[in-house]
Amino acid sequence: MSFDAQAVRRQFPVFASRPGGQALHYLDNAAMAQMPRSVIEAMVAHDSLSRANVHRGLHPLAERADRAFDAARATVARHLRVADPAEIVFTAGCTAALNLLALAIGAELGPGDEVVVSRLDHHSNLAPWLMLARGRGVRLRFLPVTAEGRLDIDRASEMIGPRCRLVAVTHASNVTGAVTAVPSLVAAARAVGAKVLLDGAQMLPHASVDLPKLGVDFYCFSGHKVFAPTGIGVLWGRRDLLSALTPPFGGGGMVGSLDEDGLTLLDLPYRFEAGTPPVTQAVGLAAALTWLDEFDRSEIAAHERRLTDRLLDGLAAVPGVAVVGPPSLEQRLPVVSFTIAGAHPHDVCQVLGERGVALRGGMLCAQPLMSGFGLTGVVRASLALYNDDGDVDALLAGLAQTIKVLR
Ligand code: PMP
């Protein structure tokens, strides 16, 4: 096997020495991935040697900070195959990006307009649109989900009608791991002249995303799920579309000129980045994407697929366990949610946590999906490139023990 997960793992300080010597089987990557040493060091170096506010300060330290910030934006653009770095807007995270867009696009919408979301979406891509719908009389329509936990794309043309202005759905589910059939979705949206936003929070850590090829209009993600720090995210949008929107937030760094009568705005991306941006975090994000780009992504995908297969096989052999998500590995991330008859997800996560297996349990900010399946919660194991057979086996062995304890 060519992919060496152990070598990758050695780059992560968190796995080096654990309190009490207990191994860490970190399977909560969909909530937050760990950071490699190179990312941590890039941020320490920046804060040690180049820390200053950005926005064209005139002393040398400020110039260094400006250069680092600009370079970070260019790195993010390259990673996403975006030719124009000005289309990359730094935000505090995926949620902040989604809210920014909902406010900006929302200002253009009114009664009679429709936004299509889905029952597979994270609350981060539902709450902003629900708030918009309530505030501006916009109709929200929910694409349904299949029994396998995939977006029911066959219903797309029926749900995405002539009044639809935007289709805003997840690129991949944080619960079922299902990857959205983007071409069909884009075709349905284009047929009625609607724009498409993808929430890439879960997708980006697992696949290289070529935004021009994907053919969508807006994309967003969070740094902390792609081995970067918290407090940073990205909103990407096509230049013509972003330029036509009015920024919902005002402040320093986005103003061309301002007097008592009003203000003019700077060009993209600054007009959407009011206030001091997350500079150190942007440096960390760029370091993380540079680190990821050094891998052969198809090797990572094959490694994660093999582990997912092992996990799904193992879970199938545990009595009372039911996987909530596609049984096949096609168009599926290494995010595996399941229920255990007679055991509450929180109890399972706590007992396994004490054994060094880090999982997530509960609604996973996906209440429409949960209620559609008649569930009050699931246990979720989500893998990253540094996971290995040992992590999967620790989960499976621990699960068998836990079930005995809890039943
Ligand atoms: N969308 C999806 C699919 C997610 O999984 C998450 C995080 N769990 C978010 C959006 C929100 O990301 P953040 O909390 O970093 O803003």
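The reply below starts with the ligand and ends with the backbone elsewhere.

Reply: This is a predicted model, in which local features need pLDDT of at least 70 and side-chain atom pairs pLDDT 80 or more, while totals for chains, interfaces and linings use all residues. Residues are numbered from 1 along each chain as its sequence is written, and side-chain values use heavy atoms, without hydrogens and water.

The ligand takes up the second largest pocket. A pocket here is an open set of points on a 1 Å grid over the protein atoms alone, where a 1.4 Å probe fits and protein lies on both sides within 12 Å along at least five of seven lines; a molecule sits in it if more than half of its atoms lie within 2 Å of those points.

Around the ligand (a heavy atom within 4 Å) are Cys 94, Thr 95, His 122, Ser 124, Thr 170 and Asn 174, together with Asp 199, Ala 201, Gln 202, Ser 222, His 224 and Lys 225. By class, eight of these shell residues are polar, two are nonpolar and two are charged, with Cys and Ala counted as nonpolar and Asp and Lys as charged.

Asp 199 places a polar side-chain atom 2.5 Å from a ligand nitrogen. For Lys 225, the distance from a side-chain N or O atom to a nitrogen of the ligand is 2.8 Å. Gln 202 instead faces an oxygen atom of the ligand, 2.6 Å from an N or O atom in its side chain. On its own the ligand has 390 Å² of accessible area, and the protein covers 85% of this (Shrake-Rupley method, 1.4 Å probe).

Elsewhere, two backbone details can be checked. The peptide bond from Leu 268 to Pro 269 is cis, with omega near 0°. Arg 81, a residue other than glycine, has a positive phi, near 60°.

Note on methods: Polar contact = N/O pair within 3.5 Å; in protein donor to acceptor, adjacent residues only side chain to side chain. 1 Å grid on protein atoms, 1.4 Å probe; cavity = no way out; pocket = protein on both sides within 12 Å on 5 of 7 lines; lining within 4 Å.
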